[in-house]
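Reader: I am new to reading protein models. Can we go through one together, feature by feature?

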Amino acid sequence: MNDLPPDLPRLRVLETWLAYSLDRVRQQITDLERREQERQRGAEARPPAPDWIIEQGLNRDALPVAVHVGGCRMAGKRWKGVPRDVALRALTEGVQACGHCRPDAELGYLD
């Protein structure tokens, strides 16, 4: 059973179409490989998450809202990474500890 056309002109048209299709597939593969390489380079170049986060208030004069462990997804959009001593000082000054990541326990503030 042969499902190809029996004459040369139609076989040439089919050959041209298949070559065109193969070129499109190869171009798509090249584009996807390039995107994946760019994604990997971006992930490698991303700075590490800070160890401690202080969530800021709505304006720059407002007091901090909460102290979080670095990488806590509950921190919101207004935060800055801080060293351990700054996070500990904020907790002792009355800034709330995040109830999800529990930085007060990790800092030894509860002991």
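Author: Start with the order of the elements. From the N terminus on, the chain runs α-β-β-β-α-β-α. That comes to three helices and four strands. Helices (H or I, at least four residues) and strands (E, at least two) are DSSP runs, numbered from the N terminus. This is a predicted model, in which local features need pLDDT of at least 70 and side-chain atom pairs count only at pLDDT 80 or more, while totals for chains, interfaces and linings use all residues. Residues are numbered from 1 along each chain as its sequence is written, and side-chain values use heavy atoms, with hydrogens and water left out.

Reader: What share of the residues is buried?

Author: Buried means under 20% relative accessible area, exposed over 50%, partly exposed in between (1.4 Å probe, protein chains only). Here buried residues make up 21% of the 111 residues.

Reader: In what order do the strands form the sheet?

Author: Two strands pair if DSSP finds at least two bridges between them. In this model, four strands form an open sheet in the order S3-S1-S2-S4, with mixed pairing. Strand S3 (79–82) and strand S4 (96–97) stand at the edges, each with a single partner strand, so one side of each is left without a neighbour in the sheet.

Reader: What packs on the sheet?

Author: Contact means heavy atoms within 4.5 Å. Helix H2 (residues 84–92) packs on the sheet and touches S1, S2, S3 and S4. For directions, axes are lines fitted to C-alpha atoms, for helices over the stretch in contact, and angles run from 0 to 180 degrees between N-to-C directions. The direction of H2 makes about 45° with that of S1.

Reader: Are the faces of S1 covered or open?

Author: Both faces are covered. Trp52 and Ile54 on one side are buried, as are Ile53 and Glu55 on the other. Take Ile54: at 5% relative accessibility, it counts as buried. Beyond its neighbours within four places in sequence, Ile54 is in contact with several residues, including Val67, Trp79, Val86 and Ala90. Pro6 is another matter: Ile54 and Pro6 are 48 residues apart in sequence and 75 Å apart in space, C-alpha to C-alpha.

Reader: With which side chain does His68 make a polar contact?

Author: A polar contact is a pair of N or O atoms within 3.5 Å; within protein, one must be able to donate a hydrogen and the other to accept it, and residues adjacent in sequence count only if both atoms are side-chain atoms. The side chain of His68 makes one with the side chain of Glu55, at 2.8 Å. His68 sits in strand S2 (residues 66–69). Its relative accessibility is 2%, so His68 counts as buried.
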